[in-house]
Amino acid sequence: METWQILEYAAWGASALLGLYMLIDWMKVDSSYSEDVLTSSREGELEAMTEEQHR
Amino acid sequence: MADIDITSQTMDGMGPHGTKVGLLRVLGPAHVWALGVGIVLVGEYMGWNFAVGKGGAYAALIACWFAGILYTCVAMIDSEVTSTVAAAGGQYTQAKHIVGPLMAFNVGLYLVFAYTMLEAANAITAGYLISVVAGMTGYAGELDQRPFIILVIMFLAWLNYRGVLATLTFNLVITAIAFIAILVLFLSTSGVLGGGIMQHAALFEGHEMPYGWIGVLAAMHFGLWYYLGIEGTTQAAEEVRSPARALPFGTLAGIMTLLIAATLTWYVCSGVLPWEFLGDGVNGSVAPLFDTARLSGSNGLIWLLGFGTLFATLASANGCINDASRAWFAMGRDKYLPGWFGAVHPRYRTPYRSIIFLVPIALIFALGAPLDQVITFSILSGLLEYTFMPLNIIMFRRKWPLNSIKRGYEHPFHPLPAVTLLALCALTFFAVFLGYGTQLVAMIGFYIVVSLWFHFWRYRFVNRGAQFTMPWPKPQGY
């Protein structure tokens, strides 16, 4: 088997591993934290803090 | 304190509290530069040369500089607005605060489409480049590009998933190498260091403007390719340590870098490659900088520009994943899209659901759509976005004049950049219509349909009070 054929298989394998990593981590996070915490990000937090300090 | 005070008589919005997990503020101006230039620089390595095919080498240079003016206006306007509206989503968030929800929804979609399509185009290109390397190393069979295309998207998505600092530091390194490669090529081939190989006079003779001024107009479409994506710096707004300093600094340094890179690229390529070959990006010169290096006869330059081409492609795809996911995330957070997309990873502090969601979409386009169509839809979405910008800045200055709110940067000569940008956008729309009229009409039809869907259905789910978060005074006239 030629080097480039091996690289093709390696690319398939690495892609699958990276995809699996993200999927498993995603499931873990979603089951470990509440939706309230995960979606608690609010826009303008820094601006609000700055404004309050100057008041 | 209550989360939001929408009844305030003096304030337009009150910054909400209560973030338990938010995006991480770790980036500096160099990362902003790397994000903007990283997305664009691939356009110098390939794509811009279609402008030569449309109108000859001089037309490509005129298009390069006119598009340069267009994007300088974009960078100036963006620097002012984003250093003031410093939140993820970039132009989407600007539109939400300054124009209104329907404009914001459309701009958000322009951003996601432009970046996801560009990411797909970059992955296709990376697959092609790897197959060229296989051929150059003596591989006799036909390389299957699909695993490499998928690997590029999966690896960069994984990098983005794991954290923004590593992602954009990676971009900084590979973008810097790609830019330095262009400088080295110029110095080595133009005669500054050693003997030059430039043949401008001989190559241009009799072919100065093969299609006249209409060719120059047609070249404008691909002239955008020299700079398309610099506006992406705004997506880092919520992750920079100092938005008021880093965003204008990174964005303006970025456009200066690109003006230099674009002009040098035109100079070295048009001085070595005949315009008929240079202008045919499919059967002629696919990667003009690399082809110029090959004609130089220097192995060192061939390797340097080979890596430069690959790095520029990866940097662009990487920046696109970063930007598309931030725009999608910001729309989810405001419930313009399902709020589920507004989640942040508690450990890596990235919009992980948006990153993962956009992976299969990029894969579908990368594996199933032709490259020129993917690029055209990306350019059209970008162009619609640039048309919004002049209207946005004019409204911004009217509603909140200078000194009414703190701005990180105030761009000079207002409204001249806005008017110039609007005029150049109109010109470019005409140029695109000449070559890709059907796609332009189809794209506008698509945005009209989704606008109707948003207006009549989706807007009822939007958290209307919470979307205006900047602690600004009420706008003038309201």
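This is a predicted model: local features need pLDDT of at least 70, side-chain atom pairs count only at pLDDT 80 or more; totals for chains, interfaces and linings use all residues.
Residues are numbered from 1 along each chain as its sequence is written, and chains are lettered from A and ligands numbered from 1 in the order in which they are written.

Reader: How many helices and strands are there in chain B?
Author: Helices (H or I, at least four residues) and strands (E, at least two) are DSSP runs, numbered from the N terminus. By this rule chain B has 16 helices and zero strands.

Reader: What radius of gyration does chain B have, and why does it agree with a compact globule?
Author: The radius is taken over C-alpha atoms, and the globule rule is 2.2 Å times the number of residues to the power 0.38. For 478 residues the rule gives a value near 23 Å, and chain B agrees with 22 Å.

Reader: What share of the residues in chain B is buried?
Author: A residue is buried if 20 or more other C-beta atoms, placed from the backbone, lie within 10 Å of its own, exposed if 12 or fewer, and partly exposed in between. Of the 478 residues in chain B, the buried share is 58%.

Reader: Is Glu410(B) buried, exposed or partly exposed?
Author: Glu410(B) lies in the loop between α15 (371–399) and α16 (416–456) of chain B. Because Glu410(B) has 15 C-beta neighbours inside 10 Å, the class is partly exposed.

Reader: Which residues are in contact with Glu410(B), leaving aside its neighbours within four places in sequence?
Author: Two residues are in contact if their C-beta atoms, placed from the backbone, lie within 7 Å. With the neighbours within four places set aside, the partners of Glu410(B) are Glu80(B) and Leu402(B).

Reader: How are α9(B) and α16(B) oriented to each other?
Author: Axes are lines fitted to C-alpha atoms, for helices over the stretch in contact, and angles run from 0 to 180 degrees between N-to-C directions. The axes of α9 (residues 212–223) and α16 of chain B come within 8 Å and cross at roughly 95°. Angles under 35 degrees count as roughly parallel, over 145 as roughly antiparallel, 65 to 115 as roughly perpendicular and the rest as oblique. The two helices are therefore roughly perpendicular.

Reader: Which helix gives the most to the side of chain B that touches chain A?
Author: The contact takes 37 residues from chain B and 26 residues from chain A. On the chain B side, α6 (146–162) and α14 (352–368) each supply at least two residues. The most, nine residues, comes from α6(B).
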